[in-house]
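Student: Hi! Could you walk me through this protein, a bit at a time?

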Amino acid sequence: MDLAFSPEDNAFRDEVRTFIAENYPARLRGLQEEGEELSKEDFLAWHQILGKKGWAAPAWPVQYGGTGWTATQRYIFSEESARAETIPPLPFGIAMVGPVIYTFGTPEQKAQHLPGILAGTTWWCQGYSEPGAGSDLASLRTRAERITEDGKDYYIVNGQKTWTTLAQHADWGFFLVRTDATAKQQEGISFLLIDMKTPGITIKPIITLGGEHEVNEVWLDNVKVPVENRVYEENKGWTCAKFLLAHERTGIAGVARSKRGIEKLKEIAKTEQDGQGSSLLANPFFRRKVADLETDLTALEFTELRTLAGEASGKGPGPESSLLKVKGTEIQQRITELVLECAGNYAAPYFREFPEGSNEYPIGPEFAHRAAPTYFNMRKTSIYGGSNEIQRNIIAKMVLGL
Ligand SMILES: Cc1cc2nc3c(=O)[nH]c(=O)nc-3n(C[C@H](O)[C@H](O)[C@H](O)COP(=O)(O)OP(=O)(O)OC[C@H]3O[C@@H](n4cnc5c(N)ncnc54)[C@H](O)[C@@H]3O)c2cc1C
């Protein structure tokens, strides 16, 4: 991959930058700056604008609605999106179930689901993890039994999923279920698309340490699912599951957004701390931490570019996506740790809203208000998408051949 930007690439960058500047909703920008919780409509607003422009799914094949951009253009697009701090399309449709459907789905499944995923009108959630089946996902116990009723075939699904991100907004979910309890673990699993309005589905919130309603328990009690909602063959769902996880992990690396995160960190660390013109960035110990972080991010960026170039030449993301996931999430966490260090004592008090009778936050600089909740929230990144310990096991086996 040639890393020098051509005049065409620079023109493309200008086009993307202008499009974002002219079309990103000011209302969303305001909500982000205030650190407000986003509604379903807020999450989908930018996705829908990108969908109309034909830019929602740069990595998809053109025949299914992808952009046909080169790897360099995709890289520029993600850089510009991160620079402008846009709310990215949620991964569950575009990055996860979409590729599964266009790769393994029937023509009917493609026609039914791909347009809504592209347009940002259908919200998907991921029903993989269960209590007792996270890292050891293949031990999942949610079962689906096949029945025939009035000449039609259905699965009756019973079980519990957990940590289901933003399921409270979901129209559809993709679920791993056990369709053969007698087969070896991975061989008895199927991949089902379930309409979240089907009777028998109950969603219970889990409130996180940062005070957010981001994850849920999803209970399935005799949920009746038409057999045509199964993707790929019965008992072969593990093939779809693994394919999807490789896509999920590449996306988690978040290089462009971490670059923007480091820029912001440096802006914060430059501000005077002691009333005598001295800043944290002037402190050699702190500066060294920032420099280490930037060096690691640059190395990760090159690994991501290699993966992108490989994908451009037809190689899907393989076990190297585990490398991206581990390093990418460690860097995201380190950025929040250094912001917390900048905030110092001011990170300690946290009010979700202004205290009663006040129209401003009571103490400390503005960046410090969300430093602690963001720090806590980002602990998740080394757990979800397969924990970083599990990724290291994959790297040892598949990349290093140990
Ligand atoms: C914020 C958040 C959002 C999530 N969203 C979703 C979602 O939308 N859909 C979904 O299906 N799931 C989701 N998950 C679940 C996530 O995929 C699991 O939490 C993750 O796979 C770990 O599983 P577990 O929580 O059961 O931990 P466990 O598997 O019990 O692991 C506990 C600890 O032991 C370590 N460990 C386990 N096995 C090994 C081993 N063999 N070698 C070394 N170390 C090991 C783990 O790394 C971890 O540190 C989400 C999780 C979080 C935190």
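This is a predicted model: local features need pLDDT of at least 70, side-chain atom pairs count only at pLDDT 80 or more; totals for chains, interfaces and linings use all residues.

Student: Okay, rings. How many aromatic pairs are there?

Tutor: A search of the whole structure gives 18 aromatic pairs. Rings of Phe, Tyr and Trp (its six-membered ring) pair if their centres lie within 6.5 Å; planes under 30 degrees apart count as stacked, over 60 as edge-to-face and the rest as tilted.

Student: What kind of pair do Phe 43 and Trp 123 make?

Tutor: Their ring centres are 5.6 Å apart and their planes are at 85 degrees, so the pair is edge-to-face.

Student: And where do Phe 43 and Trp 123 lie in the chain?

Tutor: Phe 43 is in helix H3 (residues 40-53), and Trp 123 is in the loop between helix H6 (107-119) and strand S1 (124-127), so the pair ties together parts that are 80 residues apart in sequence. Helices (H or I, at least four residues) and strands (E, at least two) are DSSP runs, numbered from the N terminus.

Student: Are Phe 43 and Trp 123 buried or exposed?

Tutor: Both Phe 43 and Trp 123 are buried. Buried means under 20% relative accessible area, exposed over 50%, and partly exposed in between (1.4 Å probe, protein chains only).

Student: New topic: how many salt bridges does a search find?

Tutor: Searching the whole structure finds 30 salt bridges. Each is a side-chain nitrogen of Lys or Arg within 4 Å of a carboxyl oxygen of Asp or Glu.

Student: What about Arg 260 and Glu 263?

Tutor: Their side chains meet in a salt bridge of 2.9 Å, N to O. Arg 260 and Glu 263 are three residues apart in helix H8 (residues 255-270), so about one helical turn separates them. Arg 260 is buried at 16% relative accessible area, whereas Glu 263 counts as partly exposed at 42%.

Student: Which residues are linked in a network of salt bridges?

Tutor: That network links Arg 13, Arg 17, Glu 79, Glu 80, Arg 83, Lys 259 and Glu 301.

Student: Last topic, the surface. Which residues make the nonpolar patch?

Tutor: Leu 323, Met 398, Val 399, Leu 400 and Leu 402 make a nonpolar surface patch of about 510 Å². Patches are made of residues with over 30% relative accessible area and no salt bridge; like charges are joined within 9 Å, and nonpolar side chains (Val, Leu, Ile, Met, Phe, Trp, Tyr) within 5 Å. Accessible areas come from the Shrake-Rupley method with a 1.4 Å probe, and for residues only the protein chains shown count as cover.

Student: Where is Val 399?

Tutor: Val 399 lies in helix H12, and it counts as partly exposed at 39% relative accessibility.

Key:
Residues are numbered from 1 along each chain as its sequence is written. Side-chain values use heavy atoms; hydrogens and water are left out.
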